[in-house]
Amino acid sequence: MPGNGLWRTKSIEQSIADTDEPGTKLRKDLTAWDLTVFGVAVVIGAGIFTLTASTAGNIAGPSVSLSFVLAAIACALAALCYAEFASTVPVAGSAYTFSYATFGEFAAWIIGWDLVLEFAVGSAAVAKGWSAYLQTTLGLMGLDVKTEVGDGIKFDWGAVLLVAVLTTLLVVGTKLSSRVSAVITAIKVAVVLLVIVLGITYIKAENYSPFIPPAAEGGPAAHTGIEQSLFSLITGYSGSTYGVLGMLAAASIVFFAFIGFDVVATTAEETKNPQKAVPRGILGSLAIVTVLYVAVTLVITGMVPYTKLATQPDGTRATLASAFSDNGVDWAATVISVGALAGLTTVVMVLMLGQSRVLFAMSRDGLLPRKLAKTGSHGTPTRITIIIGVLVSVAAGFFPAGKLEEMVNVGTLFAFILVSAGVLVLRKTRPDLSRGFRVPLVPFVPILAILACLWLMLNLTALTWIRFLIWMALGVVVYFVYSRRNSVLGKTGQAKVKPEPVVKQGEEPGI
């Protein structure tokens with residue numbers, strides 16, 4: 001029902017046909033290797049350098065490595081669903097485009113609006129983290145330079161400088177962005193490997209005992225009111241620090257470290273052989289970072305007792321550097337700071353890339369001004385990229401990061417749920433489509449992905465849910481005021497390309 005009401009859907013054939021429109025055509029430059037680099041680049045960021053140690057000390061103890069495994073399993077289940085969709089609908093927009101083909105225009109708009117939380121807000125928050133690490137790194141070099149200046153209204157020039165440089169790179173071309181990302185990613189992966197190899201020599205077996213510490217009520221992880229998890233608020237169970245429930249709660253927190261792998265799906269339209277390259281990029285990058293994350297957590301919790309990694313009374317959080325300093329390896333702090341600086345650089349760049357492609361797809365469909373979808377001489381959506389650069393610069397330059405990270409998390413999990421459900425819908429409504437990759441064990445894998453993401457969402461704070469619902473309500477207003485009336489699909493009343501039977505190809509799951 002392409003032209004009928006809120007649930008009008010855009011056919012797969014129409015989405016693919018739109019990629020050849022003059023003036024809004026993206027250049028196909030990317031390979032499976034490029035996509036894997038993008039995936040690793042965006043996922044290995046601040047989480048690996050800061051989240052591992054503090055989560056072990058505050059919530060899970062040595063079992064934080066199992067928390068990472070659980071979070072990785074949830075991501076892998078969703079990644080399989082993303083891989084099938086991206087190989088079937090190789091169009092910019094990721095979850096937005098997938099939802100348009102399955103649940104209809106209104107749901108697609110909601111998920112597109114939701115992805116702003118993951119990409120744009122995430123870019124601003126991470127850019128501020130980059131600026132803080134820049135100040136730390138300059139200090140280690142003997143330069144006392146503040147990256148945030150001003151008395152009343154503070155201006156973070158470091159974050160703005162980063163966003164300006166990355167915006168320029170993204171305008172010049174996605175392939176160039178990939179090459180720069182590859183170099184920086186190589187640096188931060190080398191730092192992570194150094195942490196693992198060097199840290200192994202300081203591991204003491206007794207630090208792993210007990211691997212799952214006895215549950216202790218209260219502690220740093222405990223909250224009350226709307227600051228507690230939605231699960232605790234609904235059930236009345238206050239939760240605990242450590243124990244099996246602590247390990248499960250930690251999985252919801254370390255999920256932050258995996259956010260961003262789905263950006264790979266947004267570049268499908270710019271990929272030479274998306275049916276094979278996109279699934280390989282998504283699953284390959286996720287496999288690489290999972291191995292690195294689990295190895296780092298095992299090393300860090302083996303280097304020092306988990307109790308030494310707990311947040312201090314003054315609010316100081318433990319990092320990877322803390323474990324090395326405790327073992328007298330102070331020079332490692334400098335290396336880790338440089339690695340974190342490199343890590344955050346590529347995170348911001350790939351998040352901005354993902355945001356530009358989602359808004360590009362929405363603009364091409366008329367849900368945002370169509371003029372924004374125009375591509376420049378470099379084959380990139382220049383106008384949208386510049387606008388995103390300006391907005392992210394303002395947010396990162398003048399606003400504190402605050403609780404933005406949790407909003408990024410809830411937005412991402414919501415997108416994962418819709419994509420996983422979309423696989424079930426499209427298998428039912430369009431079984432004739434040629435799929436370059438097929439999710440195995442349908443419907444069990446998509447259902448498990450939905451349940452895993454719902455569990456992680458329930459472990460986020462009630463305050464995060466309130467903010468998320470307010471943001472979604474604002475999106476509904478924008479849709480009815482502008483997007484619904486200007487929708488290309490709504491104006492034409494029917495799809496420009498009608499669905500035609502597609503000859504089925506190989507049924508075996510795989511790439």
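First, a term I needed before anything else: a residue counts as buried when its relative accessible area is under 20%, as exposed when it is over 50%, and as partly exposed in between. I also noted that this is a predicted model.

**Entry: the whole chain.** I looked up the overall make-up and found 19 helices and two strands in the protein chain. Of its 511 residues, 57% are buried. I then checked contacts between residues at least 6 apart in sequence, and 84% of those join residues at least 24 apart. The chain exposes about 19600 Å², and carbon and sulfur atoms supply 69% of that area.

**Entry: salt bridges.** I got a count of six salt bridges. One of them joins R427 and E84, with the closest N and O atoms 2.9 Å apart. R427 is in helix α16 (residues 404-429) and E84 is in helix α4 (residues 64-88), so I wrote down that this pair links distant parts of the chain, 343 residues apart.

Is R427 buried or exposed? Its relative accessible area is 19%, which is under the 20% cut-off, so R427 counts as buried. E84 has a relative accessible area of 3%, so E84 is buried too.

Next I looked up R435, which also forms a salt bridge with E84, the closest N and O atoms being 3.2 Å apart. R435 is in the loop between α16 and α17 (444-458), and it is 351 residues apart from E84 in helix α4. Both R435 and E84 are buried. My sketch now has E84, R427 and R435 in one network, joined by salt bridges that share partners.

I picked another pair for my notes: D326 and K308, whose side chains meet in a salt bridge at 3.7 Å, N to O. D326 is in helix α13 (residues 320-326), K308 is in the loop between α12 (274-303) and α13, and the two are 18 residues apart. D326 has 41% relative accessibility, so I put it down as partly exposed. K308 is at 48%, so K308 goes down as partly exposed as well.

**Entry: aromatic rings.** My search of the whole structure turned up 14 aromatic pairs. I took a look at Y479 and F480, which form an edge-to-face pair, 5.3 Å centre to centre with 80 degrees between the planes. Y479 is at 0% relative accessibility, so Y479 is buried. F480 is at 37%, so F480 is partly exposed.

Which residues do ring pairs link into a cluster? I listed F106, W109, W113, W471, Y479 and F480.

Technical notes. Residues numbered from 1 in each chain as written. Predicted model: local features only at pLDDT ≥ 70, side-chain atom pairs only at ≥ 80, totals over all residues. Heavy atoms only, no water. Helix = DSSP H or I, 4+ residues; strand = E, 2+ residues; numbered from the N terminus. Buried < 20%, exposed > 50% of the residue type's maximum accessible area, 1.4 Å probe, protein only. Contact = heavy atoms within 4.5 Å. Areas by Shrake-Rupley, 256 points an atom, 1.4 Å probe, with all protein chains shown as cover. Phe/Tyr/Trp six-rings, centres within 6.5 Å; stacked < 30°, edge-to-face > 60°. Salt bridge = Lys/Arg side-chain N within 4 Å of Asp/Glu carboxyl O.
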